[in-house]
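Here is a walk through one protein chain, taken a step at a time. Keep the structure in view while you read.

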Amino acid sequence: MPHHGNEEEHGSSENRSHGNEQENEPQKPVIHDNRKVDPKTGQARHPDQEHAAAGDSGSGDALSQAEDILNSVEVPAEESVAQGVDAAAAEELRNDLRRLQAEYVNYRKRVERDRAVAGEMAVIGVLNALLPVLDDVDAARQHGDLADGPFAAIAAKLENALKTYGLERISETGVEFDPTIHEALIQQPGPDVEFDTVSEVLRSGYKSGDRVLRAAQVIVAVPA
């Protein structure tokens, strides 16, 4: 078909229209494959291959790329703990670790021991506070006020409950005098004794385990 006008203008108009059509077309998204294993070959990809797949445009998360590079580096087992450290320095580090472990074990044992002592002292404090109550119970029992009735049952329950916490009464007679658990108030000659013997208990003593809470006040019979 014949046309009029300049050939160059006609060609340039066609090129412009063709360029406008390309600009109007939607651009396709660029997808970067950051997988470390090639899905086709099953082989591990190297960092240089990952950079080639990402392109030279520099697009993408730089932190993720650096993390991928670090993860792809394999460190030998002998260098995984102290890379670049000689054998003497590594042995010194191991000795420091052993000393630290020993100090921790000793600290834990000391804390457990202190906790046990604190619990024992708390129990002893309660027992010492209840000793005057037990003295009143003994006095009431000696006067016959606790022979029977509800108060006698309450006193028995109290004494049994304190026994569960290790409270023991020191009130035996006819035994050898022991100054660690007995307090001699009176000494009198005894006709048939070969050594100092407890003949009478004036006030009971108490102990908890190996700890004497209060010595028993006694009358001691001595050899004539």
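Is it buried or exposed? His 182 has a relative accessibility of 7%. Buried means under 20%, so His 182 counts as buried. Bear in mind that this is a predicted model.

His 182 is part of strand β2. What does His 182 touch, leaving out residues up to four places away in sequence? Its contacts are Ile 170, Val 175, Glu 176, Phe 177, Val 198, Ala 215, Ala 216 and Val 218.

Now step back to the whole chain. It has five helices and six strands. What is their order from the N terminus on? The elements run α-α-α-α-α-β-β-β-β-β-β. The chain has 224 residues, and 17% of them count as buried. Take the contacts with a separation of 6 or more: residues 24 or more positions apart account for 57% of these.

Return to β2 and look at its sheet. Three strands make up this open sheet, in the order β2-β6-β3, and the pairing is mixed. The edge strands are β2, residues 182-190, and β3, residues 197-203. Each of these two pairs on one side only. From one strand to the next, the twist averages 25°. How many bridges join β2 to β6? There are eight, and the two strands run parallel. Strand β6 covers residues 216-223.

In β4, Lys 207 is the bridge partner of Glu 168.

Leu 131 lies in helix α4. Its relative accessible area is 5%, so Leu 131 is buried. Leaving out residues up to four places away in sequence, Leu 131 touches Tyr 206, Leu 213 and Arg 214. Leu 131 and Ser 204 are 73 residues apart along the chain, yet their C-alpha atoms are separated by 9.8 Å.

Leu 131 also belongs to a nonpolar core. In soluble globular proteins, nonpolar side chains tend to be buried together. Which residues make up the largest nonpolar core here? There are eight: Ile 124, Leu 127, Leu 131, Leu 134, Leu 162, Leu 167, Tyr 206 and Leu 213. Helix α4, residues 87-142, gives the most to this core, with four residues. Ile 124 touches Arg 211 and Leu 213, not counting residues up to four places away in sequence. Another core, of six residues, lies apart from the largest one. Among its members are Val 198, Ala 216, Val 220 and Val 222.

Helix α4 has a helical partner as well. It packs with α5 at an angle of about 145°, and their axes are 11 Å apart. The crossing of α4 and α5 is left-handed. On the α4 side, the contact is made by Leu 127, Leu 130, Val 133, Leu 134, Val 137, Asp 138 and Arg 141. On the α5 side, Ala 155, Leu 158, Glu 159 and Leu 162 take part. The residues of this contact divide into eight nonpolar, no polar and three charged.

Finish with Ala 155, which lies in helix α5, residues 150-163. Ala 155 counts as buried because its relative accessibility is 7%. Leaving out residues up to four places away in sequence, Ala 155 touches Val 137, Arg 141 and Leu 146. Ala 155 and Arg 141 are 14 residues apart in sequence and 9.5 Å apart in space, C-alpha to C-alpha.

Notes
Residues are numbered from 1 along each chain as its sequence is written. This is a predicted model: local features need pLDDT of at least 70, side-chain atom pairs count only at pLDDT 80 or more; totals for chains, interfaces and linings use all residues. Side-chain values use heavy atoms; hydrogens and water are left out. Two strands pair if DSSP finds at least two bridges between them. Axes are lines fitted to C-alpha atoms, for helices over the stretch in contact, and angles run from 0 to 180 degrees between N-to-C directions. A nonpolar core is a set of buried Ala, Val, Leu, Ile, Met, Phe, Trp, Tyr and Cys residues joined through side-chain atoms within 4.5 Å. Buried means under 20% relative accessible area, exposed over 50%, partly exposed in between (1.4 Å probe, protein chains only). Contact means heavy atoms within 4.5 Å. A crossing is left-handed if the near helix is turned anticlockwise from the far one by less than a right angle, and right-handed if clockwise. Ala, Val, Leu, Ile, Met, Phe, Trp, Tyr, Cys and Pro count as nonpolar, Asp, Glu, Lys and Arg as charged, and the others, Gly among them, as polar.
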